[in-house]
Amino acid sequence: MKKINNSVLALALFVGIANANAQEKKTLTLDEAVQLGIQNSKNLKIDAAKIEEATADLLEAKNRQLPELKVSGSYMYLPIKPNINIKLPGVSGDSGPVVHQVAYGSANLSVPIYSGGRIKYGIESAKYLVEASKLSTENDKVAIAYNVAQAYNNLFKANQSIKVLEENLSASQQRDETFLKMENNGLIARNDRLKANLQTSNIELQLLEAKNNYNIANINMDLLLGLPETTEIDVDQNYIDEGNDVKTVDYYINTARENRKDLQALSMQRQAAALGTKAAKAENLPSIAFTGGYVAADIPKFLTIYNAVNVGVGISYNLSNIWKENSSLKQSKAREMQLSATNELLNDNIKLDVNREYQNTDYSKKRIAVFEKSAEQANENYRITKNKYDNGLATMTELLDADAAQIAANVGVINAKADAALAYRKLLQTTGTLTTK
């Protein structure tokens, strides 16, 4: 009885360990996978930090228009008697008091009135750069959405290949059993039976490769989506029906011009650079500020000052601007030229990208029709060859070749449909309209 209990305990422990190590299965649609990919993207975390940095720069620019108030104070002890010679009429220099300590404090206020536009342009420029950072983040989201779709597509294709190969392996193994019986009854030669066994082995190798590809694709998806690496993802094949209604290429080019976030971000950067040029020009202008101050001092037995308040207007101008060239202005103009050229290049690349992906989408759709026709022909060819073989009119080699062609054609149809759906998503990415929500 004790031996039985130990066996039951060991079995329970084994089952528990097996369950702990078992992969968790999770069914995800493509859109759900995209959302997870965006939520867990490390690139977007970097983008968020860049937005925070740009926002901090904007705060710094706004702070320049606020009043500056500085307070200072000091206390000094004089261990050695200082020499004090007072040059006032009727006061002897030798009759001055003995000074051992000095205390004084001051407060200074400065309110900018005019700075040639440097503060104003700096704030506006910083606002554009914040918007540019946000738009760059949106552009990265679109790229992530496509990367997830590509990984999802690879997982789907690998999974479908496994299903097709498993079905064909089962049929091939059943055929092997039938041929073995036929060989034992002297109906077929041993050589023909071995050829069929070899075909089964080839299918097994293809299945092993498909499962290996699936495991790699699954791990890649887990990493992209921020899921545990042991999570097995079940894909939803409904996405392969996307992209049935493809419009003209001009429609997609115009859509890209309106929606591409990188193009919009570049526009914000150009506007910020233009304001930077204005701010650089303003460096040659004077600055005017309202000033105010308060001073208090106490030198025991010698001098006391309270309520020494002053107000006025201060003007600051760097005279060296007369003979120094404005390097900031030259740098800003060069920046404008660089961004202008980048804008032209980006527009050309957008045209190229959209046209290329439009052609790829059209090509992918045409491939589906060809593969479907090929699969229909391969299936019919196998049926005819099988009938011929059963009636002694075809060889074993012809039968196995027809079976291999049938497998390849059926897998090809599935892959062609998946690739067409992915090509359509790539086209949407180039237009900036690939959904990320």
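The protein has a radius of gyration of 40 Å, whereas a compact globule of 437 residues would have one near 22 Å. That radius is taken over C-alpha atoms, and the globule rule is 2.2 Å times the number of residues to the power 0.38. This is a predicted model: local features need pLDDT of at least 70, side-chain atom pairs count only at pLDDT 80 or more, and totals for chains, interfaces and linings use all residues. Residues are numbered from 1 along each chain as its sequence is written, and side-chain values use heavy atoms, leaving out hydrogens and water.

**Overall build**

- The C-alpha trace spans about 145 × 75 × 30 Å along its principal axes.
- The secondary structure comes to 9 helices and 6 strands. These are DSSP runs, numbered from the N terminus: helices are H or I with at least four residues, strands are E with at least two.
- Buried residues make up 34% of the 437 residues. Buried means under 20% relative accessible area, exposed means over 50%, and partly exposed lies in between (1.4 Å probe, protein chains only).
- The protein exposes about 26500 Å², and carbon and sulfur atoms supply 54% of it. Accessible areas come from the Shrake-Rupley method with a 1.4 Å probe; for residues, only the protein chains shown count as cover.
- Among contacts between residues at least 6 apart in sequence, 83% join residues at least 24 apart. Contact means heavy atoms within 4.5 Å.

**Nonpolar cores**

- The largest nonpolar core has 55 residues, and Met221, Leu225, Ile233 and Tyr239 touch the most other members. Such a core is a set of buried Ala, Val, Leu, Ile, Met, Phe, Trp, Tyr and Cys residues joined through side-chain atoms within 4.5 Å.
- Elements giving two or more residues to this core include α2 (30-39), α5 (190-225), α8 (327-390) and α9 (396-431).
- Helix α4 gives the most to this core, with 15 residues.
- Leu225 is in contact with Leu28, Ala33, Leu36, Gly37, Asn40, Val148 and Ile233, leaving aside its neighbours within four places in sequence.
- A second, separate core has 10 residues, among them Ala196, Tyr389, Ala394 and Leu400.

**Aromatic pairs**

- The count comes to 5 aromatic pairs. Rings of Phe, Tyr and Trp (its six-membered ring) pair if their centres lie within 6.5 Å; planes under 30 degrees apart count as stacked, over 60 as edge-to-face and the rest as tilted.
- Phe156 and Tyr239 have ring centres 5.6 Å apart and planes at 80°, so they pair edge-to-face.
- Phe156 lies in helix α4 (residues 118-184) and Tyr239 in the loop between β4 (231-235) and α6 (249-259), so the pair ties together parts 83 residues apart in sequence.
- Phe156 is buried at 1% relative accessible area. Tyr239 is buried too, at 6%.
- Tyr251 and Tyr252 also pair edge-to-face, because their ring centres are 5.2 Å apart and their planes stand at 80°.
- Tyr251 is partly exposed at 39% relative accessibility, while Tyr252 is buried at 3%.
- Ring pairs link Tyr152, Phe156 and Tyr239 into a cluster.

**Charges over rings**

- The charged end of Lys247 sits over the ring of Tyr251, 5.2 Å from its centre. This requires NZ of Lys or CZ of Arg within 6 Å of the ring centre and within 35 degrees of the ring normal.
- The charged end of Lys426 sits over the ring of Tyr146, 4.6 Å from its centre.

**A buried serine**

- Ser364 lies in helix α8 and counts as buried at 8% relative accessibility.
- Leaving aside neighbours within four places in sequence, Ser364 is in contact with Ala416, Asp419, Ala420 and Ala423.
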